[in-house]
Amino acid sequence: MRIEGLRKAYGSQTVLKGVDFELGERERVAIMGPSGSGKSTLLNCLAGLENPDAGLIRFMGQDLGTLGEAAVTALRRQSLTSIFQFFHLLPTLNARENVEFPLLLRRDSRDERMAKVAALLEEVGLTQRAGALPSELSGGEMQRLAIARALITEPALVLADEPTGSLDSRNGARILDLLRELTERHQTSLLMVTHDIEASSICTRILQMRDGLLLEDAPQLLRPDPA
Amino acid sequence: MRSPTTISIPTFWRLFSLRHARTEWMQTVLLLLILGLGVGTFLSIRMANRAAVEGFQLFTESLKGPSDWIIEAPTNGIPVEALPRIREQLGSLPVQIFPVVERNLTRVLPSTGDPGGAGSTIRLLGVDLVQIRSVASSVDNGSMDDFWSIIDDPDHLLVSREVADRWQVSTGDPVSLVLNGRKVSFTIRGILPEFRDSVPLPANLAIADLGALLQRLDRATLERIEVIVPEGAGREATVERVGSLLQEAFGSRWSVTSPTDKEVDGAAMTAAFRLNLTVLSLIALLVGLYLIAQTLDATVSRRRTEIASLRSLGLAPRDIQRLWLSEALLYGVAAGIVGLLMGYAMATITVEAVTTTVRALYRDTAQTAATLRFSDGLLAFALGIGGSLVAAWLPARDAASTPPAQFLRLGKRIPPFPVFQHPWIGLAAIALGALLLFLPPWQPRPGTTVPVMGYATAFLWLTGGTLATVGSLRWLGRILHRTAPDSAPARLAASRLRQPTSRHQLALSGFFVAIGMAASMAFLINSFQHTVTAWLEQRLQADLFLSSAGFQGADSGQRMPGIVLDRIEKDPEILELDRYRSVEVRVNGSRTTLGGSRFDLLGDRQRLLWINGPLDPDSRPPDTDAIAYANENLIRRTGLAVGEAVRLTTPSGPVVLWIGGVHADYARDNGSLLVDLGNLESWYQFSEYDTAGAFLSETADPAIVQARLREAHPGLAVRQNGELMDAALFIFNQTFAVTRALQLIGLVVALAGLALSLLSLLRESGRELSLQRTLGMSRREIALTTALEGMGIALAGLLSGILLSIGLGLVLIYVINRQSFGWTLQLAFPWTDILLLASGVLGLGLLIAYATGWLYLRKWKAAPL
């Protein structure tokens, strides 16, 4: 993914003031910064939920700005998925169905769906909770489920917005481990927005965002000891 | 008790309610229109019912004000010579005597020379024009000279503006009309004013001077004599004295009644019909109430952050409930205003439709305009406000009782109201309703029964069914899940149906009620049509049917002279002529019809559809005068039984009739007794007949005989068997026109409610929609999900509604109809109607649900997650 001169304003307030950066294959990048720095707006633009006012977003060789709605929808089904701070699971579907849902949209065969869902639920440790509704799961379980749902289509890139923001430190650490392990295993890139230094520990690169601008890689002192 | 921290209701309205209503203006407008339609339908039927009852006032009242006493003869009228005797009897008492001849008058079409055509028959009053000169002299703003010249013209006729427009005639035009079976010519000498002292004159009216009209009719008898006591001291005592003097002198020969008795009779006669319409008009209102509940529930769901904030600021649950109910009050007031306007607008149409039905079913009425009274306004507001508060009760309680933390928990699906989680409450209500059917009906006066228990059962089944249908959405969700396991929209819609919210339940309830009531009416109408067709096939045995043109029942005054029928009877191709004549009598205090036809033709040529009997005529007790066959309505109303005797007063003295059988008779619901024509002729001494059936020889061609009779007797309506059948079925369908319109309104409200429900569900699913887009669902797929969800609600409503309609249909046919009208109906399942209803509801439901989803998503912008 390559981003050049990305700008976004809400009325007179400019939130993104020309953001440039590049994300390589299988790379895990954390964007850190204080509240209101533009992190979430950047992520929403990358997810196609908001249109930037100016700039270029190239993903897998395609300019997202020039793609029609159908093409962006297809991209989301195949290659670009998201994880959210508040999990955002579909409340009427049980755990298995939530993970299966992206495969249904891709019209994968039933056997294929069942096999992939079973394997991924196993990977996130939710096989026993497969029939539970989101309202019956704990916060940690919900986020594990959201990770499984994000990875089920084996996307090229996962966008994560404060994935540990709603969890206690113990559950947060577990989620981060899982996220690192699974993105490595599934060879998926990860772009994570967070203000939690711990969370950025699983990333290979950390970028600093301030007042709508993305600064160079954060100083080494911000980087926690990977050990 | 209020908590120390609270806000006033006006402040709440200003800061929250009105702002939300303005932001969501489309939804607000739609809700108010639906509610307004519900209140308006109810109001317009109320106004139409009142106009129909007021229409029973005599036509003459509009010309000269109300009478105090009315003298009528059961047959043949009152001889003109009686006028001086009445005057003499009343001595020096200050009274005005107002003699009247009243007839139907039918236009002969200038193009064909035949009588007929829509609106061709009107009411003709023969009155002393001098007595109503304030009206008669104001025709076309004419002078008194003109007035006298009108009276001098023996062919004069004054018509209402509407009649002149309908017939396309103006002052000075000659017009050819049928009067008493004969073609006669009149000259239009003026157009009547539309009002007399601000009282509107009937639209279907013509008047002529009494003397001239009697000459034209070649008779010297009056329909009635009205007596008026002028205003002044001691009026009430004088009225009473006049009544007793008249009763004393003429009571044995003629009936002496007050107009109030007539209006009460008219109101009683149509009570069941009006009550049925009122109940039906409640469909839209009832469905509208479910929609208020649904809308307020949706606002609770959408505004949970607001509620949580208010709670956290120190408002007690009771305050929240009060504020939410106050918002319902706001909706109720607005619905009352919209309903009042819509009701007034709709009343013009409903008055016309109800009057047409009353004329076809009961008797001619002076059509009156819909008038809006202060009480109507009060009722509109009472319905709007009361209904809104009742409907808002559960959502308001839900808003008050849910802990703030639960409101703030994102993604948490709020469970349905507790009452929806106990289907056994609904089942218990249904069982109680069934038990009530074993209780007897309410009898407010002799001869009238009101099926209160039947209505109570219907109400319990409607409300109980609402609670018991809770499982149907889950069941449909499971079926959808199994039917399309590989479709993302189907799986998502199925999961939502399996876990319905209160909005789903309330939308389903609205559908259930609308479809249940509409389909049960289809059940009744179909059974009625089936029964009436079979009855007509049995009754209409003659080849040709004769009546005076413009004959619209016994009270139309249009009869065929006996000498004309004597001539017709001599036609070589007519084997038998069965004449029929009816008179009005009272049996055990109830007004009923005594008819006479030839009993020697019964069995071979004429047939009755027997409900009970007939008994052997030879077993008639010797102390009775004649055998009579009663219709089932009379039996139910009077409690008489086959084999019993009934005593009647006739002009020839009292007679005792022996009831030898009960037959089905769907032509009238005020009871009838049928006797041999010879008996009726000897008791009542008449020489005119209502109708006649001609049986032709086997070689005769009915069409040729019909043409021959028409040519020889242009004032007669001569119809073949099939034509009369068609005409009868046309009247039948006309009488159900209002019913069908009310069914349609109920369904429109339910479909509009579906759109409203789905819109609410979409509005409160903003985050979920954003998530679906993030997961890769296209707008089309999301719209399809909405459509499937809406279809699920429509289908569940349809299936449970049809189930309800079977139960309600049986109650309507075997309880409500029988107790209201006293008719036995054969059960006929309305397959075609149900199929049309089902395909219409599902087709429109799918369309509306998809369109709602698609239109909403076109404007919708994904929200950050």
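Student: What percentage of the residues of chain B count as buried?
Tutor: This is a predicted model, and burial is judged here by counting the C-beta atoms around each residue, with 20 or more others within 10 Å making it buried. Chain B has 865 residues, arranged with 29 helices and 27 strands. Of those 865 residues, the share that counts as buried is 49%.

Student: How are the axes of helix H4 and helix H5 of chain A oriented to each other?
Tutor: The axes of H4(A), residues 110-124, and H5(A), residues 139-151, come within 10 Å and cross at roughly 140 degrees. Angles over 145 degrees would count as roughly antiparallel, and 65 to 115 as roughly perpendicular. The two helices, H4(A) and H5(A), are therefore oblique.

Student: Which helices of chain B give two or more residues to the side that touches chain A?
Tutor: The contact between the chains takes 25 residues from chain A and 24 residues from chain B. The elements of chain B that give two or more residues to this side are H19 (488-498) and H27 (766-774).

Student: How many nonpolar residues are on the side of chain B that touches chain A?
Tutor: That side of chain B also holds seven polar and seven charged residues. The number of nonpolar residues there is 10.

Conventions. Residues numbered from 1 in each chain as written. Chains lettered and ligands numbered in written order. Predicted model: local features only at pLDDT ≥ 70, side-chain atom pairs only at ≥ 80, totals over all residues. Axes fitted to C-alpha atoms, helices over the stretch in contact; angles between N-to-C directions. Helix = DSSP H or I, 4+ residues; strand = E, 2+ residues; numbered from the N terminus. Parallel < 35°, antiparallel > 145°, perpendicular 65-115°, else oblique. Buried ≥ 20, exposed ≤ 12 C-beta atoms within 10 Å, placed from the backbone. Contact = placed C-beta atoms within 7 Å. Nonpolar A, V, L, I, M, F, W, Y, C, P; charged D, E, K, R; others polar.
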